[in-house]
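Here are some notes for a colleague who is meeting this structure for the first time. They are set out as numbered points, to be read with the structure open alongside.

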Amino acid sequence: MSEQIVITDVGPRDGLQNQPRILSVAQRLELIKAIAAAGIASIEVGSFVSPKAVPAMAGTDAVVASLASGGPVHYTALIPNMKGYELAKAAGARSVTMVLYASDGMAQKNVNMSMAAAEVVTADILAAARADGIEVIAAIAVAFACPFDGATDPGVVRAVADKFLALGADQIAIADTIGAANPRQARALTADLVRDHGAARLGCHFHDTRALGLANVFAAVESGIRRFDASIAGLGGCPFAPGASGNVATEDVAMMLEQMGYDTGVDLDALLRASDLAEELTGTAPGGRSKAWLKPWLAKRAG
Ligand code: COA
Ligand code: ZN
C-alpha cells in the first residue's frame, strides 16, 4: 500500500470567493459533487463571512445543509470570527476552518481585528467547538509574507502553531496566502513544525502566484507534510490580499503526487471533468498546467 496524502479542495471557497461571476447555490453544489466524485478526500465548501464583504459566499448555509456529513468525503467551511462559528454550527457544519494571522496588517484588512484578537476569538471557538463536537482546523494566513507588512518571521508562525496545537486545534494549516514562499523556506518551516509536532495535524496551503506552488508542495512533502490544500482548475485569489492568484491546481498536485507514488484516492479522469466544470461555470478558472498533457495521456491509457 502506498502512503496516503490528503488533498483538501478549497476551490469552492478560496476559488469562488473571488470570481467575477457569482455562482448559485445549485452551481456550487454541482462543482462540490463533481470534486467529491473524483475521490478528493476533503473539500472546503464555502465560508460563513459577511455577505457584504464577500457576496459570492452568501448561501453557504444552504450549501452546508445539503451536504449531509457522514459520507466518505470530509467537508469543512471557513469562518473568520465567532459569528461565523455560530452560523456554521446552525447550518450543521461538522468541521470549521478558522483563520489566524502571522501579521497584524492582514488581520486588520481581512477581519478588522489584530492578530492577538483573532487568537483570543480562536481560543473561544476551540472551547465552544469542543463542547459542540465540531472539528476546528486553524489556518495561519500570510505564513511567509504579508502584502501589507512584508516578510513574515517563521518564528511568529511557529509560535502561533505551537499555541493552537497545544490548545487542541484538530489541524493547523500553514497558508501562503499570496504565494510568496520559495521551496527552501517552505521546507525549513515545515521541517521545524514536523520535528516539533509530528505531521498528523499539520497541513499546507500554497498559492501559485509565482509558479512555485508545486515546488512548495514538493518541499513540504519532503519535510513529511501529508495534507495539502489545492483548488480545482487553479481557481482563486483572495479579495483582501492584493496580488494573490489562485491556489496550486488540484489536478497538478494530484498528478504529481500520484506519479511520485503517493495515494491521493483521486480518479484523474473524474478530476479533469470537475476541472472542466469549474472552467465552464466561472469562465475564468485557468485550469491546471497538467491538463493539456493529462487528457491525451488518460485517453491513451484507457485504450
Ligand atoms: N458572517 C456573516 N455576517 C457577519 C459575520 C459572519 N461571520 N461577522 C460579522 N458579520 C456581520 C455583522 O452581523 C454585521 O452585520 P450588519 O452590518 O448587518 O449589522 C457586519 O457583518 C459587521 O460586523 P462587525 O462585527 O462590525 O464586523 P467588522 O466590520 O468588524 O468585520 C467581517 C467584518 C469580519 C465580518 C468581514 O470583513 C468579513 O466577513 N470578512 C471575511 C473576509 C474573508 O472572507 N476573507 C477571505 C477568506 S480568509
Ligand atoms: Zn488561500
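This is a predicted model: local features need pLDDT of at least 70, side-chain atom pairs count only at pLDDT 80 or more; totals for chains, interfaces and linings use all residues.

1. The crossing in which H7 passes H8 is right-handed. On the H7 side the contact is made by Pro154, Val157, Arg158, Ala161, Asp162 and Leu165, and on the H8 side by Leu189, Asp192, Leu193, Arg195, Asp196 and His197. Sorted by class, the residues of this contact between H7 and H8 are 6 nonpolar, 1 polar and 5 charged.

2. H7 also has a partner in helix H6 (residues 115–132), and here the two axes come within 11 Å and cross at roughly 20°. That angle makes H6 roughly parallel to H7, and H6 passes H7 in a right-handed crossing. The residues that meet are Met115, Glu119, Thr122, Ala123 and Leu126 from H6, with Val156, Val160, Lys163 and Phe164 from H7. This contact of H6 with H7 divides into 6 nonpolar, 1 polar and 2 charged residues.

3. H8 in turn packs with helix H9 (213–223), and the axes of H8 and H9 come within 8 Å and cross at roughly 30°. H8 and H9 are therefore roughly parallel to each other, and their crossing is right-handed. From H8, the residues Pro183, Ala186, Arg187, Thr190, Ala191 and Val194 meet Ala215, Asn216, Ala219, Ala220, Glu222 and Ser223 of H9. The contact of H8 with H9 comprises 7 nonpolar, 3 polar and 2 charged residues.

4. Asp9 deserves a look of its own, and it lies in strand S1 (residues 6–9). Is Asp9 buried or exposed? Its relative accessibility is 0%, and because buried means under 20%, Asp9 counts as buried. Although Asp9 and Ile40 are 31 residues apart in sequence, their C-alpha atoms are 7.2 Å apart in space. If neighbours within four places in sequence are left aside, Asp9 is in contact with Ile35, Ile40, Ser42, Ile43, Glu44, Ala230, Ser231, Ile232 and Thr250.

5. Thr250, one of the contacts of Asp9, is also among the buried residues of helix H10. Helix H10 (residues 250–259) is mostly covered, with 8 of its 10 residues buried. These buried residues are Thr250, Glu251, Asp252, Val253, Ala254, Met255, Met256 and Leu257. They pack against S1, helix H9 (213–223), strand S10 (227–230), helix H11 (268–282) and helix H12 (291–302). After H10 comes Gly261, which has a positive phi near 95°.

6. Two backbone positions call for a careful check against the display. Most residues other than glycine have a negative phi. Val142, however, is a residue other than glycine with a positive phi, near 45°; Val142 lies in the loop between strand S5 (135–141) and strand S6 (145–146), where it is buried, with a relative accessible area of 0%. Ala233 likewise has a positive phi, about 60°, although it is not a glycine. Ala233 is found in the loop between S10 and H10, and at 0% relative accessibility it counts as buried.

Conventions:
Residues are numbered from 1 along each chain as its sequence is written. Chains are lettered from A and ligands numbered from 1 in the order in which they are written. Side-chain values use heavy atoms; hydrogens and water are left out. A crossing is left-handed if the near helix is turned anticlockwise from the far one by less than a right angle, and right-handed if clockwise. Helices (H or I, at least four residues) and strands (E, at least two) are DSSP runs, numbered from the N terminus. Contact means heavy atoms within 4.5 Å. Ala, Val, Leu, Ile, Met, Phe, Trp, Tyr, Cys and Pro count as nonpolar, Asp, Glu, Lys and Arg as charged, and the others, Gly among them, as polar. Axes are lines fitted to C-alpha atoms, for helices over the stretch in contact, and angles run from 0 to 180 degrees between N-to-C directions. Angles under 35 degrees count as roughly parallel, over 145 as roughly antiparallel, 65 to 115 as roughly perpendicular and the rest as oblique. Buried means under 20% relative accessible area, exposed over 50%, partly exposed in between (1.4 Å probe, protein chains only).
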